[in-house]
Amino acid sequence: MNIDCVFCRIAAGEIPTTVVRETDTTLAFRDLAPQAPVHVLVIPKEHYADVATLGQADPQLAGEVLATAAAVAESEGLLADGFRLMFNTGAYAGQEVFHAHAHVLGGAPLGPMLVR
Ligand code: AMP
């Protein structure tokens with residue numbers, strides 16, 4: 001655990017959040033500032049700075065993050081109409097929290113993939 005990392009502190013139960021789903025290795029919780037009717041973040045409980053680092057260091061855990069994201073999409077009723085799964089990575093993507101996380105976005109048409 002990285003004590004300076006807000007998502008490590010959420011995973012440790014030190015910062016309150018609305019948990020949507022939890023496994024031994026992953027946690028899904030609602031985004032504090034939702035950008036869509038459904039906006040859930042899925043993290044590995046173990047700290048990795050971003051999804052590239054996670055995917056290279058522990059592909060199995062990366063797969064578990066995807067499996068949790070898929071289960072969230074199902075339980076939030078997103079499978080019929082579709083959803084977006086997004087991993088902001090690094091400065092060009094505007095990553096704000098440097099603990100790997102997937103955004104599960106849905107519940108309405110989401111518009112173009114990129115705003116230019
Ligand atoms: P990113 O720009 O991909 O790093 O996204 C970070 C996301 O974390 C943003 O959508 C924030 O709204 C969200 N966020 C930051 N702090 C919290 C928190 N304590 N609980 C839930 N979501 C948070």
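1. Among contacts in the protein between residues at least 6 apart in sequence, what share joins residues at least 24 apart? The share is 50%. Contact here means heavy atoms within 4.5 Å.

2. A word on the model. It is predicted, so to speak of local features a pLDDT of at least 70 is needed, side-chain atom pairs count only at pLDDT 80 or more, and totals for chains, interfaces and linings use all residues. Residues are numbered from 1 along each chain as its sequence is written, and side-chain values use heavy atoms, with hydrogens and water left out.

3. The fold has three helices and five strands. Along the sequence the pattern reads α-β-β-β-α-α-β-β. The radius of gyration is 14 Å, close to the 13 Å of the globule rule for 116 residues, so the protein is as compact as a globular protein of that length. That radius is taken over C-alpha atoms, and the rule is 2.2 Å times the number of residues to the power 0.38. Helices (H or I, at least four residues) and strands (E, at least two) are DSSP runs, numbered from the N terminus.

4. Overall extent and surface. The C-alpha trace spans about 35 × 30 × 25 Å along its principal axes. The protein exposes about 6900 Å², and carbon and sulfur atoms supply 54% of that area. Accessible areas come from the Shrake-Rupley method with a 1.4 Å probe; for residues, only the protein chains shown count as cover. Buried residues make up 34% of the 116. Buried means under 20% relative accessible area, exposed over 50%, and partly exposed in between (1.4 Å probe, protein chains only).

5. Charges. The protein has 6 positive and 13 negative charges, and their mean positions are 6 Å apart. Lys and Arg count as positive, Asp and Glu as negative; His and the chain ends are not counted. Each charge is placed at NZ of Lys, CZ of Arg, CG of Asp or CD of Glu.

6. The largest nonpolar core has 16 residues. Val40, Val42, Leu54 and Val104 have the most contacts inside it. Strand S3 (38-44), helix H3 (59-75) and strand S5 (102-106) each give two or more residues. H3 supplies the largest share, six residues. A second, separate core of nine residues includes Cys5, Phe29, Ile43 and Val97. A nonpolar core is a set of buried Ala, Val, Leu, Ile, Met, Phe, Trp, Tyr and Cys residues joined through side-chain atoms within 4.5 Å.

7. Val42 deserves a look. Not counting residues up to four places away in sequence, Val42 touches Leu27, Ala28, Val65, Thr68, Ala69, Ala100, His101, Ala102 and Val104.

8. Val38 is in strand S3. Val38 is buried, with a relative accessible area of 9%. Its C-alpha atom is 5.1 Å from that of Gly106, 68 residues apart along the chain. Beyond four places in sequence, Val38 is in contact with Glu76, Leu78, Val104, Leu105 and Gly106.

9. Leu61 sits in helix H3. Leu61 counts as buried because its relative accessibility is 5%. Leaving aside residues up to four places away, Leu61 touches Thr25, Pro44, Glu46, Tyr48 and Leu54. Leu61 and Leu27 are 34 residues apart in sequence and 12 Å apart in space, C-alpha to C-alpha.

10. Is Glu46 buried or partly exposed? Glu46 is partly exposed, at 45% relative accessible area. Glu46 lies in the loop between S3 and helix H2 (51-57). Glu46 and Asn2 are 44 residues apart in sequence, yet 9.2 Å apart in space, C-alpha to C-alpha.
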